[in-house]
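Hi,

Here is the model I promised you. Have a look at it first, then read my notes below.

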Amino acid sequence: MNKYGYLRVAAAYPKVELADPGVNSVRISEMIMSLSKKGARLIVFPELCLTGYTCGDLFNQPTLLNAAMRQLGFLQQVTKESHVTAVVGLPVRYRGRLYNCAAVIQYGEILGIVPKCYLPNYDEFYEKRWFSSGLKLNLPEGKEYNIIDIDSHAIPFGINLLFRIENAKFGVEICEDMWVPNPPSTTMSVAGADIIANLSATNEVIDKHAFLISLIKERSSRCKCGYVYASAGAGESSGDLVFSGNAIIAEDGEILRKSERFRRVEGYCIADIDVEKLRNTRQRQSSFGQNDIVLPTFGSEDFATTQAEPADLMRDINPYPFLSSEKVRFDEQCEEIITMQAWGLEQRLISTNCKCLVIGVSGGLDSTLALLVAVKAFDNLDIDRKGIIGVTMPGFGTSDRTHSNAVDLMKQMGITHIEINISDAVKQHFKDIEHDINRHDATYENAQARERTQILMDLANKYGGMVLGTGDLSELALGWCTYNGDHMSMYSVNASVPKTLIRPLVRRVAQDYGDRTKQILEDIVSTPISPELVPTDNEGNIAQKTEDLVGPYDLHDFFIYYFVKEGFSPAKIYSLACKAFAEGPYADGRPTFSKETIKKWLLVFLRRFFNQQFKRSCMPDGPKVGPVSFSPRGDWRMPSDAVSRLWLAEAEAIQV
């Protein structure tokens, strides 16, 4: 693995010559050498790839079996001088029985041989005609595996063996083993296997490939592992079945890479599996039961490896990890998020027997989303929308654009609107505390935020309602909220929604409304993000832009995800951000940032994240709708006086 915990793996399928191990071993060796040059450290080949899967009764021929064993020796020599660990499929005789096996080869040595556990016996498959199940192997007393003699070498032979490649571990299962109710990969993963290799020969029938993909996702998700799947392709007999060739690499429920099917030549896919991420996930998920089982492990602990630069990382890095890159899935996610937010609010309204909500509507993104959620909740509970009291509270920095959008939106939503200008009250407050109104500092800004919160709380008392909070996940991470001002409410529906998700959420919801409402929402989406706490410019436009002060939310949300959800170090987060936001044109218009810019705002993020924890320690209730939440009651428990010295030192040391 490299210094950030990535291991480069490949799934490959050669074009086979049926019943000719000599030709097949040469083709496999050529792929090993080629993929080795691409940095692959683990290469998985298909089931019975040395002979071909569809040899039928030829598996009963000693000539074929002996040739396969000889060519296994040839592949040993191929790997002798390389850093590659290869997993190849072949038939192996042991104690008078024949087994469908995977041989693990590393540095010219056979580390072990794993027999297939579950043999299919369908109409189209009849492996039991030739092979025996590895489940029925009798073990020597007190031993966890058998020994097979190959060229006077004692080789471990059995199921549930683990293999080490550098400081990562992997296990092996073969084709049908994955399709059964209790696959071997479950035991191997709980025992510490970071990666599962699957050697397969899966034929194609209609809809089977889609199910295969879902099954691989499910296996890698349940086992919190990397999954490397290689299946037979060109050259296999088409007498009764079609083998398309499949190479798939997955990680914790996500497909990292997959090859093109139905090729007349060999195929492969290659990717970097994040072993550190997998281990962090297992560590946090205590129910996983890591290391409750101990299995014998074989292989090298050599850590020497090429350090891949971030730009060369063989995996896609989504600049917006809170958003799906698939449009259909994203639309479904948007609908589900809004539904969860509304459901949480509905439950709070029911449990408190509340028919009134008070919400500050500024014409900005956060309050707009909160208002849309409130309307959905009231509609679902069949409560008159007039029970939603939207309050506009113009002050020193309120622009005509945001004010008019707020008023127009509330009119379109059919809610109650109240307007209270806070300017005179804040001026009186400045006079009371002897603060110069021309000094636009934190006191100047926070006094306005607290005045607005006081108004909302008092209105809630007056009308027997509750204050609906509007602040989002990104603001909580950065502490970009006024303590006991907009920081406080009686229920906060946006608390686990990051800023980069709010804009597309509002845009998506806008599609469900008529032209006028849609027009208002689109304008709100395109308005610069601002708390509007300092006076507008001479043209009445917003002068205070949040991202000019705390940095781009594109970067901060990226930092939040990988720092909180994945537990990555600042150096690793920086390396990922450099790849995700690499400078250069993007067809979809994504922003790009220089390495210097990324480092600058990463330091800002770390300082603010640690310094502002005290605000998160007493945040109000709110529904968790995504992978990250800062609720001090369940998700994020961090002392407010923790110091950031270690993280800042690592970030400062990054060489740009």
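Which residues are buried in H12? They are Lys499, Thr500, Leu501, Ile502, Pro504, Leu505, Val506, Val509 and Ala510, where buried means under 20% relative accessible area, exposed over 50% and partly exposed in between (1.4 Å probe, protein chains only).

Before you go on: this is a predicted model, so local features need pLDDT of at least 70 and side-chain atom pairs count only at pLDDT 80 or more, while totals for chains, interfaces and linings use all residues. Residues are numbered from 1 along each chain as its sequence is written, and side-chain values use heavy atoms, leaving out hydrogens and water.

Back to H12. Helices here are DSSP runs (H or I, at least four residues), numbered from the N terminus. H12 covers residues 499–510 and reaches 17 Å from first C-alpha to last, close to the 16 Å expected at 1.5 Å a residue (that is 1.5 Å times one less than the number of residues). Because 9 of its 12 residues are buried, H12 is largely enclosed by the rest of the structure. Its cover includes helices H6, H7, H11, H13 and H15.

Ile338 sits in H6 and counts as buried, at 7% relative accessibility. Beyond its neighbours within four places in sequence, Ile338 is in contact (heavy atoms within 4.5 Å) with Leu369, Val373, Lys376, Leu505 and Val509.

Thr517, in H13, is buried too, at 5% relative accessibility. Not counting residues up to four places away in sequence, Thr517 touches Leu409, Gln412 and Met413.

Cheers

Notes: Helix = DSSP H or I, 4+ residues; strand = E, 2+ residues; numbered from the N terminus.
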